[in-house]
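Subject: Structure for your review

Dear colleague,

Please find the structure below, together with its sequence. My notes on it follow, and I would be grateful if you could read them alongside the coordinates.

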There are 2 protein chains.
Amino acid sequence: MCGVCGCGETTTISVEQDILSENKQYAKKNSQLFIEKNMLVINIMSSPGSGKTTLLTKTLSDLKNKLKSAVIVGDQQTECDANQLKSTGVDAIQINTGKVCHLDAHMIGHALEKLPINNDMTLFIENIGNLVCPVLFDLGEQYKVVMLSVTEGDNKPLKYPDMFHNADLVIINKIDLLPYVNFDMDECINNIYKVNAQAKVFKLSATTETGLQNWYDWLLISKSQAYVN
Amino acid sequence: MCGVCGCGETTTISVEQDILSENKQYAKKNSQLFIEKNMLVINIMSSPGSGKTTLLTKTLSDLKNKLKSAVIVGDQQTECDANQLKSTGVDAIQINTGKVCHLDAHMIGHALEKLPINNDMTLFIENIGNLVCPVLFDLGEQYKVVMLSVTEGDNKPLKYPDMFHNADLVIINKIDLLPYVNFDMDECINNIYKVNAQAKVFKLSATTETGLQNWYDWLLISKSQAYVN
């Protein structure tokens, strides 16, 4: 069972294919619901501590009158994130995955059963902090947003290419810390384009509320275009 | 194949047990070599961008005359880290894991075949940036060191408890950024102790070279005690 020298590789790959193909079926079911309800669904992924919850908390408050939102949030343990997100008045469901390193479409399907779903709502899925595994699992969402904070370094898009390659939008967060860290913004953006020439890139600081407008505009435009025939 | 509601759970668990039990065999083999050669072997794990490579680069330079060292470093892609580590004059081998989210004992076994191994040497293994999966895979090492940077937030030990529960040493890095981020050091240390009452904790900044002495002393003491009967 080795991904390095090839011995037993077939077994590993076939197990992985089974898991991913089963996940695809659940993702398709989720996606059908999202289309039926004309929902905008966004899967936000990043390393631990990049600022997903902080950005979402600001977003839910600031767009309260413009978007009907809800959140599904994943962590190995604790309800901290869901509690913080609920403080904005929005429904939030926490999924605790235990030892599992990603959200999958089946987990999302179960969370959707508990969430009050309305037509035209926007659903944010805050994935587990992990720059590797979550991107393998389609959740049925329309958009994958990948967040990178400037404290993590400008080479991360090259070191974790799958995540950035599959992003519709990359958010570079914590730009308020740029004066204190060794981070070359042009180099980082070049690195993103090297693995994903189509990616949209926004630079912002969720903590100091700098540069949020581009993100808000993108959300509102994406919502207005969701599943319009 | 669902880790949430239980359907097909047996299949998932048995596959996982096969993989982990096979890994254990390889880890045992690595461990036997480490004991035979009286090596100190340290597995360093963290989120992406916490500062593992920066700390290791300083460490290899500063302890050049006190430790005979080598490094095995894992990333999904790129040779950046190995190249940076080699600039200190120390042997470094890069493992590119492709889609795989962790180093395993079999990969380490292959890397050991390529590395000049000397008696009494210290081997640092820099794992893939991921606060979830690498801790599941024993590499045959003596010590697991987990690094957390203050930009990631003080609640991470509770949200990723497996990683911190299994750490022999937790390094809190980037303390030079404390004035600019919302991070409660006492709260963080309490959170580490909640999941691991035995953990040793060091606070440092690899970039500004603050607080490195505790880490160096710990390495030298650990080396002097390695496998002494």
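Between which two elements of chain B does the loop with B:T78 lie? On one side is β2 (69–75) and on the other α3 (80–86), both of chain B. Please bear in mind that the model is predicted.

The backbone of B:T78 deserves a look: its phi is near 80°, a positive value in a residue other than glycine. With 16 other C-beta atoms within 10 Å, B:T78 is partly exposed.

A:D120 belongs to the loop that runs between α4 (105–114) and β4 (122–126) of chain A. Here 13 other C-beta atoms lie within 10 Å, and A:D120 is therefore partly exposed.

Chain A also contains an open sheet of seven strands, paired in parallel and ordered β3-β2-β4-β1-β5-β6-β7. Its edges are β3 (91–96) and β7 (200–203); each has a single partner strand, so one side of each is left without a neighbour in the sheet. On average, neighbouring strands of this sheet are turned by 20° against each other, with direction ignored.

Within the sheet, β1 (residues 40–46) of chain A pairs with β4(A) in the parallel sense, and five bridges join the two. In one of the bridges, A:L40 has A:T122 of β4(A) as its partner. In general, strands of a sheet pair through backbone hydrogen bonds, either parallel or antiparallel.

Yours sincerely

Definitions and conventions. Residues are numbered from 1 along each chain as its sequence is written. Chains are lettered from A and ligands numbered from 1 in the order in which they are written. This is a predicted model: local features need pLDDT of at least 70, side-chain atom pairs count only at pLDDT 80 or more; totals for chains, interfaces and linings use all residues. Helices (H or I, at least four residues) and strands (E, at least two) are DSSP runs, numbered from the N terminus. A residue is buried if 20 or more other C-beta atoms lie within 10 Å of its own, exposed if 12 or fewer, and partly exposed in between; C-beta atoms are placed from the backbone. Two strands pair if DSSP finds at least two bridges between them. Axes are lines fitted to C-alpha atoms, for helices over the stretch in contact, and angles run from 0 to 180 degrees between N-to-C directions.
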